[in-house]
Amino acid sequence: MSIDHLQQLDKIVSLSKSRGFIFQSSEIYGGLGAVYDYGPLGAELKRNIRDAWWREMTQKHENIVGVDAAIFMHPKVWEASGHVEGFNDPMIDDKQSKKRYRADMLIEQHIEKLRKDGKEKEAEQVKELLDTSGTRVGLCEDLHKIIMDYEIKAPESGAFDWTDVRQFNLMFKTQFGAVASAEDADAVYLRPETAQGIFVNYKNVMDTARQQIPFGIAQVGKAFRNEVVARQFVFRMREFEQMEMQYFVKPGADEEQYNEWLNKRMEWHKGIGIREKYLRAEPHPPDKLAHYARAAADIQYLFPIGWQEVEGIHNRTDFDLSQHQEYSGKKLEYFDQSTRDRYVPYVVETSVGLDRTILMVLCDAYREEEVEGETRTVLKMHPELAPITAGIFPLVKKPELQELSRKIEKDLREDYRVLYDEAGSIGKRYRRLDEAGTPFCITVDFDGLEDNTVTIRYRDDMKQERISADKVGEVIRSASKSWKPESK
RNA sequence: GCGGGCGUAGCUCAAUUGGUAGAGCGUCACCCUUCCAAGGUGAAUGUUGUCGGUUCGAGUCCGAUCGCCCGCUCCA
């Protein structure tokens with residue numbers, strides 16, 4: 001059976017481990033949940049994708065500049081951004097049905113029910129208690145007491161058999177300063193998103209980079225989320241890498257820019273070789289928008305686990321800058337010299353998960369093909385993303401062939417990541433590099449010694465061409481540039 | 001975090017009622033080899049996820065723990 005589009009993630013998990021793309025973190029100690037390490041091939045693939053994004057988003061735009069903000073930030077940043085509040089969900093479980101609910105949502109629903117039943121007075125009472133929860137014993141305890149006192153039952157099972165209310169803080173907290181103290185005063189968070197590193201530097205960049213609105217700030221970096229359920233390989237990890245660009249625009253220009261960036265970003269995904277039919281843009285319904293967003297859309301890929309978000313495009317309005325202006329007391333307004341307008345810019349965000357992009361590239365590239373009764377496993381990824389660009393082989397282990405092979409290897413090494421291999425049969429060496437996604441193999445044979453030629457073998461269709469040994473680099477360059485996923 | 005399933009070599013998997021842990025592939029070395037996982041010879045690799053219990057004896061039974069998968073939930 002040949003495979004053109006993956007149905008199971010297992011294949012990628014196995015291949016990732018056996019070829020050295022991705023390993024589980026701390027594996028020799030039994031692994032650490034939802035944390036993964038990149039191996040030799042994975043590290044190269046990751047770098048290539050990161051570089052492609054950075055080139056696209058900064059180098060190709062005169063009005064987008066980069067920053068590299070620290071992971072640690074002032075604790076107030078997360079108060080201003082809404083994360084301290086929004087990242088704490090009080091949850092409660094129904095022991096009968098094993099369903100989990102948000103405690104505050106349960107109470108809200110109960111209030112609505114009371115109103116519907118005409119018990120306006122009691123509804124007001126509960127609403128008052130809900131609004132003041134957290135002021136008596138603690139948030140969890142107060143919410144639990146309301147549920148108990150008003151005998152709020154589980155919506156689905158109708159049971160009244162609750163666990164305690166527990167809070168899930170999705171931000172990682174750590175101690176700042178060498179002397180550990182139990183006090184929260186020293187607590188800092190590992191950033192749950194990189195975006196805030198851009199917003200807090202907005203003024204600095206404005207003051208130094210000689211940019212005028214509209215302009216963008218790009219950043220690639222780690223973010224950390226203590227996910228309740230972190231699963232599905234590198235799709236949802238506790239430590240992950242984001243590639244973000246925040247585009248600052250004049251209020252009113254936000255909708256147009258939002259649409260434009262959604263299109264541009266979709267084109268990028270196609271440009272790195274992802275097949276168009278497995279990509280789609282999925283707008284968020286207005287009632288599902290994040291607290292900061294006016295409009296949002298996912299760019300999704302059809303993973304073996306279904307359609308899933310790889311990138312999010314958000315119209316963040318002036319929410320973040322206004323919040324930071326309020327919390328920091330620093331003016332973050334923009335003054336337009338020509339129109340003499342003064343305003344807090346609106347922000348259009350493009351935020352793509354680097355690890356998710358890697359997974360997408362691996363999934364989209366994965367093929368199993370029938371070749372003369374044997375299965376060929378091959379990663380047909382864009383040549384410019386491939387961890388190893390070319391393999392160089394002497395057809396057999398003979399000194400003359402080895403000599404020319406080594407010379408070609410040395411030349412190519414200046415510009416490309418290459419691998420010299422003389423072990424095993426030639427077919428085996430081709431197939432090994434197929435699994436690594438290497439698009440080109442150069443083989444030196446005896447005929448070639450006569451006229452200084454070699455054969456280049458293409459990964460995607462296994463076709464071979466005889467070319468001049470002096471033109472190998474050139475052929476690789478043009479074949480990389482002209483590569484299209486349709487030709488896979 | 002809850003419910004269910006699973007955990008044996010780098011990968012995929014065997015191992016009778018509880019009775020000496022194996023195979024295929026891969027890896028490495030050498031030989032052979034003039035273009036698609038060829039062949040030959042040899043080699044390395046496991047506290048059976050971890051800890052504890054039951055037993056004369058545990059990969060197998062029991063408990064705990066860690067991790068993975070599916071569902072619930074969550075996804076700012």
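**View 1. Gly 391 stands opposite Leu 419 of strand β20.** The model shown here and in the views below is predicted. Three bridges join β19 (residues 390-394) to β20, and the two strands run parallel. Helix α13 (residues 399-413) packs on the sheet. The helix touches β19, β20, β21 (440-444) and β22 (453-458). Its direction makes about 165 degrees with that of β19.

**View 2. Five strands form an open sheet with mixed pairing.** Their order is β20-β19-β21-β22-β23. Which strands stand at the edges? They are β20 (418-420) and β23 (464-468). Each has a single partner strand, so one side of each is left without a neighbour in the sheet. Neighbouring strands here are turned by 25 degrees against each other on average, direction ignored. Helix α16 (residues 472-481) lies across β19, β21, β22 and β23. It runs at about 20 degrees to β22.

**View 3. Strands β22 and β23 form a hairpin.** The pairing is antiparallel and spans five bridges. Thr 453 has Ser 468, in β23, as its bridge partner. Five residues lie between the two strands. In this turn, Met 462 has a positive phi of about 65 degrees. A second residue to look at is Asn 452, in the loop between α15 (446-451) and β22. Asn 452 is not a glycine, yet its phi is positive, at about 55 degrees.

**View 4. Seven strands make an open sheet, again with mixed pairing.** The order reads β3-β9-β10-β16-β13-β12-β11. At the edges are β3 (64-66) and β11 (279-283), and each of them pairs on one side only. On average, neighbouring strands of this sheet are turned by 25 degrees against each other, direction ignored.

**View 5. Strands β12 and β13 run antiparallel.** How many bridges join β12 to β13? There are nine, between residues 295-303 of β12 and residues 306-317 of β13. One of the paired residues is Gln 300, whose bridge partner in β13 is Glu 309.

**View 6. A cis peptide bond joins Ile 213 and Pro 214.** Omega is about 5 degrees. Pro 214 sits in the loop between α9 (202-208) and β9. Strand β9 belongs to the seven-stranded sheet, where it stands between β3 and β10.

**View 7. Domain 1 meets domain 3.** The domain assignment divides chain A into domain 1 (10-73 + 189-363), domain 2 (88-169) and domain 3 (388-487). The C-alpha centres of domain 1 and domain 3 lie 36 Å apart. Eight residues from domain 1 and seven residues from domain 3 take part in the contact. The size of an interface is often given as the accessible area lost when the parts come together. Here, domain 1 and domain 3 bury about 650 Å² between them. Carbon and sulfur atoms carry 60% of that area. Which residues of domain 1 lose the most area to domain 3? They are Arg 19, Leu 41 and Glu 44. Together these three make up 55% of what the domain 1 side buries.

**View 8. Two salt bridges link domain 1 and domain 3.** The side chains of Glu 44 and Arg 417 meet in a salt bridge, at 3.5 Å from N to O. On the side of domain 1 that touches domain 3, the elements giving two or more residues are α1 (10-19) and α2.

**View 9. Arg 19 and Glu 435 meet through their side chains in a salt bridge.** The distance from N to O is 2.8 Å. Arg 19 lies in helix α1, and Glu 435 lies in helix α14 (residues 426-436). The pair links distant parts of the chain, 416 residues apart. Arg 19 is also among the domain 1 residues that lose the most area to domain 3. A search of the whole structure finds 37 salt bridges.

Methods. Residues numbered from 1 in each chain as written. Chains lettered and ligands numbered in written order. Predicted model: local features only at pLDDT ≥ 70, side-chain atom pairs only at ≥ 80, totals over all residues. Heavy atoms only, no water. Pairing = 2+ DSSP bridges. Helix = DSSP H or I, 4+ residues; strand = E, 2+ residues; numbered from the N terminus. Axes fitted to C-alpha atoms, helices over the stretch in contact; angles between N-to-C directions. Domains from an automatic or database assignment. Contact = heavy atoms within 4.5 Å. Buried area = accessible area lost by both parts, 1.4 Å probe. Salt bridge = Lys/Arg side-chain N within 4 Å of Asp/Glu carboxyl O.
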